[in-house]
Amino acid sequence: LALVTPDNVTLEMKDPVDPKALEQAKAIMAELRPDGGKVIEKNLIDVAQRLGDIQDDKFMITKEECKAAFDALSDEDRASLVNIHRRVKLFADAQRAAVQDTQVPIPGGMAGHTISPCKAAGCYAPGGRYPLPSSVIMTAVTARAAGCETVVLASPRPAPITLAAAHIAGADKILSVGGAQAIACMAYGVGQSVPSCDVIVGPGNQWVTAAKSIVNGHCGIDMLAGPSEVLVICDETANAEIVAADLIAQAEHDVVARAILLSTSKDMVDQIDNNVASQLSTLPEPNQSTARAAMKLSFAVICNDIEQCITISDAIAPEHLEIQTNDAWKVGMACANYGGLFIGEHAAEVLGDYGAGPNHTLPTGGTGKYTGGLSVFNFLRIRTWMRIDDHNASQSMVDDSIVMARLEGLEGHARAAEARSTTKTPAYKQ
């Protein structure tokens, strides 16, 4: 790890959308829907074959195939998948229960809000170098817990374990395409086979991110995710071997991932650095080369005290924040900006990756300063309502509305309120 001073910490607030990938994603999406409507099935097959998603004209996988993949798992693999599903569902169900319909009295009536899910959710699970069944569960299970009627899943060249995860997560439609073409399918729909989705969630490569930026507004998205990152705050009480293992676990994600270490102890930083070197040498390929490349973007900072560690961490707003210090709970609760918080030596970030319960789809690149990770709330709509039951009792609100409308120069608004007044004649009648 490169050693930098507190004053030289780079916040790396980069645009997650690559300009070239954006141009390519636009071209792909224009090819898929030349008339600006739904994705044309024949065009999708042509694009998916050209980009290596499929070999024939089959771009959808049946529920029966997913069930067969689940049944074919070893007992150990199936048990792990079932356990992870159960924990993620438990947490998502608790989140959903945390928000309820409500109402309050207003002059002459009531006002309130209702909570309702969007109808169709689109979930993306990366294929690429490694299958990510955990992303299937994190996205699809959360959409199901929110109450979405239809869950569409897209994953390029899905491995059997990915299909098994789609089965247990309850996906309704499974697309074996990826990249910008997958996002287009979920955003705009494909003929009669795939509905257009109201929200699209899940991490992906640069073309997925670019495509999500294009469809944002036509439908909702969770976030535009950049490279993955972990930040560890530790003191002299930390376990250097464990901290090193956690830094490497993050670094093996991608050559542009970042592992950041903030510590009050130079001796601890040295111990961790030595452990990183020794553990990296035993990591298999291609993981080792990926992690070594990522480590070149990573760094350590020796801070004057824990308060300075917290200040720097809050400025970075890391995707994953680990606290391995004395009184870790107190330190963690003092931190303000992060995607997911992992408190104490044994609360490994990898446990969050694989289903402790909270979602592993988290904000990157400093966006944790204003948003949180994927949750049931991404699939829910809060809709407000009001009614007036007692016309006379509502007059104070009517009078206030007339005054405010004219202060804002909106005479039509004022007259609409006057039409409901029991004491004032509307200006259009005078």
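Q: Which residue is the bridge partner of valine 230 in strand 13?
A: In this predicted model, valine 230 has histidine 320 as its bridge partner in strand 13.

Q: What makes strand 10 and strand 13 (residues 320-324) a pair?
A: Two strands pair if there are at least two bridges between them. Strand 10 and strand 13 share five bridges, in the parallel sense, so they count as paired.

Q: How do you know that strand 10 and strand 11 (residues 258-263) pair as well?
A: The same test of at least two bridges applies. Here there are six bridges, again parallel, and valine 232 stands opposite leucine 261 of strand 11. On the way from strand 10 to strand 11 the chain passes through helix 9 (residues 240-251), a right-handed β-α-β crossover.

Q: What makes up the lining of the second largest pocket?
A: There are 22 lining residues, with Gly339, Gly340, Pro358, Asn359 and Leu362 nearest the centre. Helix 4 (75-97), strand 14 (340-343) and helix 14 (349-353) each give two or more residues. The pocket's volume is about 340 Å³.

Q: How does that lining divide into nonpolar, polar and charged residues?
A: Eleven are nonpolar, ten polar and one charged.

Notes. Residues are numbered from 1 along each chain as its sequence is written. This is a predicted model: local features need pLDDT of at least 70, side-chain atom pairs count only at pLDDT 80 or more; totals for chains, interfaces and linings use all residues. Side-chain values use heavy atoms; hydrogens and water are left out. On a 1 Å grid over the protein atoms alone, a cavity is a set of points where a 1.4 Å probe fits but cannot get out, and a pocket is an open set with protein on both sides within 12 Å along at least five of seven lines; lining residues have an atom within 4 Å of a point. Grid points are joined across faces, edges and corners, and a volume is the space filled by probe spheres set on the points. Helices (H or I, at least four residues) and strands (E, at least two) are DSSP runs, numbered from the N terminus. Ala, Val, Leu, Ile, Met, Phe, Trp, Tyr, Cys and Pro count as nonpolar, Asp, Glu, Lys and Arg as charged, and the others, Gly among them, as polar. A crossover is right-handed if, with the strands pointing away from the viewer, the path from the first strand over the helix to the second runs clockwise.
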